Amino acid sequence: MAAVGPGHRVTEEPTGRADRRWPRHVYGVGTEPDPRFTLANERTFLAWLRTALGLMVAAAAVKAFGADGSQWAAVVLAVLAVGVAAEAFPRWSRNERALRLQMPLPSTPVVAVSAAGVLVAGVTIVVVVLI
């Protein structure tokens, strides 16, 4: 293994060549974690993308089929979709880096913001439908 800084190492491939995986700020530090953790982190990343797609579909459905006044719910859902999609890769990156450095996983406010946004959109749809 080649040293890249105090306590940080670049892993080498079985052939002896330096690891060239991207992004370097993730794969260029620490040690290789248990593959199960890396794969779980990847599944979580994909779940964030599926959530963003679901929010986009919900926004389009509310806009297309919703009652008058429900466009605000569609806007909230669309903004949430963009926010979740935009946070997916940075979150994966931070988590993978933390795994490689054997540090605690970082938290993110996107979870709470997403829950609050879906709640607001749901309440808006209920109010519009009932009125």
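**Salt bridges, partner by partner**

Tutor: Arg 21 and Glu 32 meet through their side chains in a salt bridge, 2.8 Å from N to O. Arg 21 lies in the loop between strand S2 (8-10) and helix H1 (24-27), and Glu 32 in the loop between H1 and helix H2 (35-65), so the pair ties together parts that are eleven residues apart in sequence. The model is predicted. Arg 21 is partly exposed, at 32% relative accessible area. Glu 32 is also partly exposed, at 41%.

Glu 32 has another partner. Its side chain meets that of Arg 100 in a salt bridge of 3.0 Å, N to O. Arg 100 lies in helix H3, so this pair ties together parts that are 68 residues apart in sequence. Arg 100 is buried, with a relative accessible area of 1%.

Next comes Arg 36, which forms a salt bridge with Asp 34; their closest N and O atoms are 2.5 Å apart. Arg 36 is exposed at 58%. Asp 34 is partly exposed at 26%. Shared partners join Arg 21, Glu 32 and Arg 100 into one network. The salt-bridge count for the model is four.

Now turn to Glu 96, in helix H3 (residues 71-100). Glu 96 is buried but has no salt bridge. Arg 100 is its nearest side chain of opposite charge, 4.9 Å away. Glu 96 instead has a polar contact of 3.1 Å with the side chain of Asn 41. Beyond four places in sequence, Glu 96 touches Val 26, Pro 33, Thr 38 and Asn 41.

Conventions:
Residues are numbered from 1 along each chain as its sequence is written. This is a predicted model: local features need pLDDT of at least 70, side-chain atom pairs count only at pLDDT 80 or more; totals for chains, interfaces and linings use all residues. Side-chain values use heavy atoms; hydrogens and water are left out. Helices (H or I, at least four residues) and strands (E, at least two) are DSSP runs, numbered from the N terminus. Buried means under 20% relative accessible area, exposed over 50%, partly exposed in between (1.4 Å probe, protein chains only). Lys and Arg count as positive and Asp and Glu as negative; His and the chain ends are not counted. A polar contact is a pair of N or O atoms within 3.5 Å; within protein, one must be able to donate a hydrogen and the other to accept it, and residues adjacent in sequence count only if both atoms are side-chain atoms. Contact means heavy atoms within 4.5 Å.
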